Amino acid sequence: MRRTTSPFSLLCVGLGTFLLVLAGLLAWYVEPRAERTPIDTDTTTVFTGNGSYFDTEEIETVDDQRITITRQVRGDVAESERSGRAVWDVTTSVDTAASLPAADPHDALQWTLERWVTDRRTNRPVHCCGEQPAFEGEAYLKFPFHVEKRTYTWWDNTLGATVPLRFSGTARVQGYEGYRFTGTVAPARTGSRLVPGRLVGRPKQSQVLAEEWYANHGVELVVDPLTGRVLNAAIGPRKTLRAPGSAKDAVVLLDSERIAFTPATQRAQVALAEDDNDRLTLLGTILPIGAGGLGALLVAAGTVLVVRGRGGRGEPEGQTRPDPDTSPTTLETSTM
């Protein structure tokens, strides 16, 4: 008997097999490689709060003033592609109401330009590509992918060292839930500065190499659990001057209990986190499940059609149906 297989059944099996392979590739190859720190980032975050700062015109510390920190992060795409790392250039400006809008960075209380280089998969610092400063730790501008409920080492650039930030539960930012990490920085000497002696209680000395001290009342970061993007950040910096060898602060350069992301910055960070999550969920869950489910159905349907086609009744090879006109059962006129 001749057995035939439908082209449609073979198409179902082939397409289903392709979708099953595609589902595996999406889940185990494409999606993990999509979890990489972006190289073309271009974001601006703004912190605001009230505090005190040293007014160089008044030559004294003024209290209850509005303080704004603006940080812009831009990826160096060309260097990132060349090195395979995430190379980000970061400018940070600390301003008062008098220096905003910041037409000239030299008018700011503080202005810095830095280059951060990290491993795109682990978020660990990589010491290459003109990195400045050389930093350590697990987190700074972002956390690693798949954030864990544990203590992370966060790089504090003012301190020039890492600070432990412990997991402190969850918090909602603009309706979006993230992991909350908190910590403090105890007073530590961070450098020295040549100032008039009278500023630090040494009026008989025209110039004194005063000690710069830094502390932080509290660091609070709320982080997206999947991507490690910082949804909200709040810091409480305190920078002072002390006379050489003194245990007491003589001049307050900057002090605030809390400077945090503005609502607009929070909304922007949440929107970016949602976009990242949607993309990773699409690649890692929705498409693999959809492709896998449809592929399994097509393979099953195609297999059933193949089996039925091969087991069906066919014509015996080499035989033809009898011609009604020559059949022995046909009545014919006989002659004698």
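In this predicted model, Pro133 sits in the loop that runs between β4 (110–118) and β5 (152–156). The peptide bond joining Gln132 to Pro133 is cis, with an omega of about 0°. Although His146 is not a glycine, its phi is positive, at about 55°. With a relative accessible area of 45%, His146 is partly exposed, because this value falls between the 20% limit for buried residues and the 50% limit for exposed ones.

A further positive phi turns up at Gln174, where the angle is about 50° although the residue is not a glycine. Gln174 is placed in the loop between β6 (161–173) and β7 (176–196). The relative accessibility of Gln174 is 41%, so this residue counts as partly exposed.

The chain has 336 residues, of which 42% count as buried. Among contacts in the chain with a separation of 6 or more, 57% come from residues 24 or more positions apart. As for the surface, the chain exposes about 19,100 Å², and carbon and sulfur atoms supply 54% of that area.

Technical notes
Residues are numbered from 1 along each chain as its sequence is written. This is a predicted model: local features need pLDDT of at least 70, side-chain atom pairs count only at pLDDT 80 or more; totals for chains, interfaces and linings use all residues. Side-chain values use heavy atoms; hydrogens and water are left out. Helices (H or I, at least four residues) and strands (E, at least two) are DSSP runs, numbered from the N terminus. Buried means under 20% relative accessible area, exposed over 50%, partly exposed in between (1.4 Å probe, protein chains only). Contact means heavy atoms within 4.5 Å. Accessible areas come from the Shrake-Rupley method with a 1.4 Å probe; for residues, only the protein chains shown count as cover.
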